[in-house]
Amino acid sequence: MFKIFKYSFFDLIRSTWSLVYLLFFLVITSAILYMSGDLTKAIISMMNVILMLIPLVSTVFGAIYLYNSREFAELLLAQPIKRKSFFLGQYLGLSISLTVSFLIGVGLPFIFWGVIGSKYLSNFLVLMGVGLLLGFIFSLLSYWVALRFENRIKGFGFALFIWLFMSVIYDGIFLLILIWFESYPTENLAIILTLFNPIDLGRVLIMLFLDTSALMGYTGAVFYKFFGALNGILISSMTLFLWIIIPVFFLVRYANKKDF
Amino acid sequence: MIEILNLQKSYGKNLILKDISLSLERGRIISILGPNGSGKTTLIKSILGLVVPQIGDIRFDGESILGKWEYRKKIAYLPQIARFPENLKIKELLNLIKDIREQNADDNYLIQFFGLEKEMNKALRNLSGGTRQKVNMLIAFMFDSPVIILDEPTVGLDPVAITRLKELLEREKDKDKLILFTTHIMSLVEEISDEIIFLLEGEIYFKGSVEELNQLNGSGNLEKAITNLMEKRNV
Ligand SMILES: Nc1ncnc2c1ncn2[C@@H]1O[C@H](COP(=O)(O)OP(=O)(O)OP(=O)(O)O)[C@@H](O)[C@H]1O
Ligand SMILES: [Mg+2]
């Protein structure tokens with residue numbers, strides 16, 4: 001597995017797209033830092049950028065990478081190697097190379113602005129952690145979807161739909177449900193719905209950590225009320241990990257019975 | 001060496017291989033023939049474990065291969081379509097395969113043999129079609145594998161390279177290897193193969209030597225014999 005990882009990783013990290021992704025984050029992070037002029041505000045603005053863009057870019061990369069490496073898969077799967085090792089290695093190469101671009105692109109400007117010595121360091125690290133997990137989750141989902149659909153248009157469409165659903169449609173439905181059941185206690189429902197959306201989970205996690213109740217929003221406040229900050233953080237981060245572990249299980253199961 | 005027992009494979013509702021049984025032995029060059037879409041690639045991929053059959057078994061040295069991977073240490077494979085990770089250089093691709101197989105590779109000799117010295121530092125995306133096919137061949141032949149499986153090895157090759165390929169095949173055969181290949185070039189079959197397996201509509205329609213096939217169809221020419229075979233079936 002490690003060998004496949006190594007090759008996928010270097011294949012991707014050298015590609016122009018990784019560089020574009022890195023430069024994009026460098027520019028946008030520097031701009032946000034420059035305009036907001038203070039670290040707290042910048043962290044919150046960056047949170048919105050990250051919650052929106054990392055899932056999208058990871059989705060696009062995941063599907064593109066799988067489709068572009070189909071024949072490579074055929075070549076390597078004909079070698080003495082387990083299917084599981086191949087696909088997990090490739091997935092790790094993909095997600096880690098994306099993460100490296102992200103960490104450098106966002107990290108460098110913040111370090112330049114002195115985040116390391118400041119009291120905001122832990123907030124910043126949580127932001128990076130959530131970005132990292134979302135990158136892992138969405139590249140995994142789209143990699144898996146792309147593996148399932150031979151047809152690129154369908155695979156791409158479906159992967160993008162998952163992203164759109166999680167980042168836009170879900171919140172709309174969420175809101176409607178809350179309005180419909182206005183007269184009932186909706187806290188439990190709100191918590192469950194949040195657990196099923198990694199982007200919302202990421203947001204809640206950051207909010208709980210920043211402890212700025214004004215910004216927490218409804219779900220953040222519910223989490224806070226139910227679990228308290230610490231347990232809320234634990235539960236949301238554990239669930240984010242489940243969002244990686246469970247799809248990995250399905251990915252491996254599907255890869256083992258697929259024809260190449 | 002390889003035994004195929006009542007193999008059946010369908011993609012969705014399309015039954016591609018219907019009850020194929022075969023026994024393939026060392027020291028022979030065996031060609032798998034058949035019209036486009038007759039299931040040659042599917043059969044080869046089943047042997048490699050790339051395609052998972054619904055019914056039947058494949059045994060390699062007496063052991064079932066289903067779900068296994070170690071047996072592939074003994075198989076070299078040239079896929080019909082050679083596309084590679086585009087960013088890699090040939091050298092890096094070779095290193096990758098060597099790294100994965102962890103076997104001794106005779107690549108330097110083959111690089112010279114196919115005249116690829118000057119291409120080694122080119123990225124794969126910049127290679128000509130024939131050069132890609134040579135790289136594909138390099139990967140298949142650089143290990144000393146007892147079984148060599150080639151899916152249309154001649155596609156895109158110039159006459160010099162084809163001659164080289166034939167030389168290689170003869171040489172490997174003399175090392176008591178099993179060589180299995182598909183092609184649509186009948187002169188190549190006539191020249192090098194000891195045995196023909198002719199697939200038609202998912203079944204083995206003919207199995208035997210070139211001479212036997214010619215006799216069966218009463219023509220002195222393999223190309224004609226094969227064409228007759230395909231057309232008779234269509235009527
Ligand atoms: N992954 C797949 N999914 C669905 N159908 C497939 C798949 N791979 C092959 N087929 C179908 O199986 C049939 C046999 O294909 P195969 O590639 O084995 O033919 P072939 O004998 O190698 O043909 P050719 O001479 O053109 O290489 C074809 O009808 C093809 O469309
Ligand atoms: Mg074929």
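Predicted model: local features only at pLDDT ≥ 70, side-chain atom pairs only at ≥ 80, totals over all residues.
Reader: Where should I begin with helix α3 of chain A and helix α7 of chain A: at what angle do they pack?

Author: Start with the angle between the axes, taken along the N-to-C directions. Helix α3 (residues 39-68) and helix α7 (residues 152-180) of chain A pack at about 160°, and their axes are 10 Å apart. Angles over 145 degrees count as roughly antiparallel, and α3(A) and α7(A) are therefore roughly antiparallel to each other. The crossing in which α3(A) passes α7(A) is right-handed.

Reader: Which residues of α3(A) and α7(A) meet?

Author: From α3(A) come A:M52, A:P55, A:L56, A:T59, A:V60, A:A63, A:I64, A:Y67 and A:N68. Their partners in α7(A) are A:R152, A:G155, A:F156, A:A159, A:L160 and A:W163. Sorted by class, the residues of this contact between α3(A) and α7(A) are 11 nonpolar, three polar and one charged.

Reader: How does α3(A) pack with helix α5 of chain A?

Author: Read the angle and the axis distance again. For α3(A) and helix α5 (residues 83-112) of chain A, the angle is about 155° and the axes are 11 Å apart. That makes α3(A) and α5(A) roughly antiparallel to each other, with a right-handed crossing. On the α3(A) side, the contact includes A:L39, A:A42, A:I43, A:M46 and A:I50. On the α5(A) side are A:Q90, A:L94, A:L98, A:F102, A:V106 and A:F110. The contact of α3(A) with α5(A) has 13 nonpolar residues, three polar ones and no charged ones.

Reader: What about α7(A) and helix α9 of chain A: at what angle do their axes cross?

Author: The axes of α7(A) and helix α9 (residues 198-210) of chain A cross at roughly 80° and come within 9 Å. Angles of 65 to 115 degrees count as roughly perpendicular, and α7(A) and α9(A) are therefore roughly perpendicular to each other. A:M166, A:S167, A:Y170, A:D171 and A:F174 of α7(A) make this contact with A:P198, A:I199, A:D200 and A:R203 of α9(A). The residues of the contact of α7(A) with α9(A) are five nonpolar, one polar and three charged.

Reader: Now the metal. Which residues coordinate the magnesium ion?

Author: The magnesium ion (ligand 2) is coordinated by B:T41 through OG1 and B:Q80 through OE1, at 1.9 to 2.3 Å. B:T41 lies in helix α1 (residues 40-48) of chain B, and B:Q80 in the loop between β6 (75-78) and α2 (90-101) of chain B, so the pair ties together parts 39 residues apart in sequence. B:T41 is partly exposed, with a relative accessible area of 21%. B:Q80 is partly exposed too, with a value of 33%.

Reader: Is B:I148 buried or exposed?

Author: Compare the relative accessible area with the cut-off: under 20% means buried. B:I148, in strand β7 (residues 147-151) of chain B, has 1% relative accessibility and counts as buried. Leaving out residues up to four places away in sequence, B:I148 touches B:A76, B:F141, B:E172, B:K177, B:L178, B:I179 and B:L180. The C-alpha atoms of B:I148 and B:I29 are 9.4 Å apart, although 119 residues separate the two along the chain.

Reader: How far apart in space are A:V49 and A:F86?

Author: Check sequence separation and C-alpha distance side by side. A:V49 and A:F86 are 37 residues apart in sequence and 33 Å apart in space, C-alpha to C-alpha. A:V49 lies in helix α3 of chain A and counts as buried at 15% relative accessibility. Beyond its neighbours within four places in sequence, A:V49 is in contact with A:I32 and A:I54.

Terms used. Residues numbered from 1 in each chain as written. Chains lettered and ligands numbered in written order. Heavy atoms only, no water. Axes fitted to C-alpha atoms, helices over the stretch in contact; angles between N-to-C directions. Helix = DSSP H or I, 4+ residues; strand = E, 2+ residues; numbered from the N terminus. Parallel < 35°, antiparallel > 145°, perpendicular 65-115°, else oblique. Left-handed = near helix turned anticlockwise from the far one by under 90°. Contact = heavy atoms within 4.5 Å. Nonpolar A, V, L, I, M, F, W, Y, C, P; charged D, E, K, R; others polar. Donors = N, O, S within 2.8 Å, 3.2 Å for Na, K, Ca; no water. Buried < 20%, exposed > 50% of the residue type's maximum accessible area, 1.4 Å probe, protein only.
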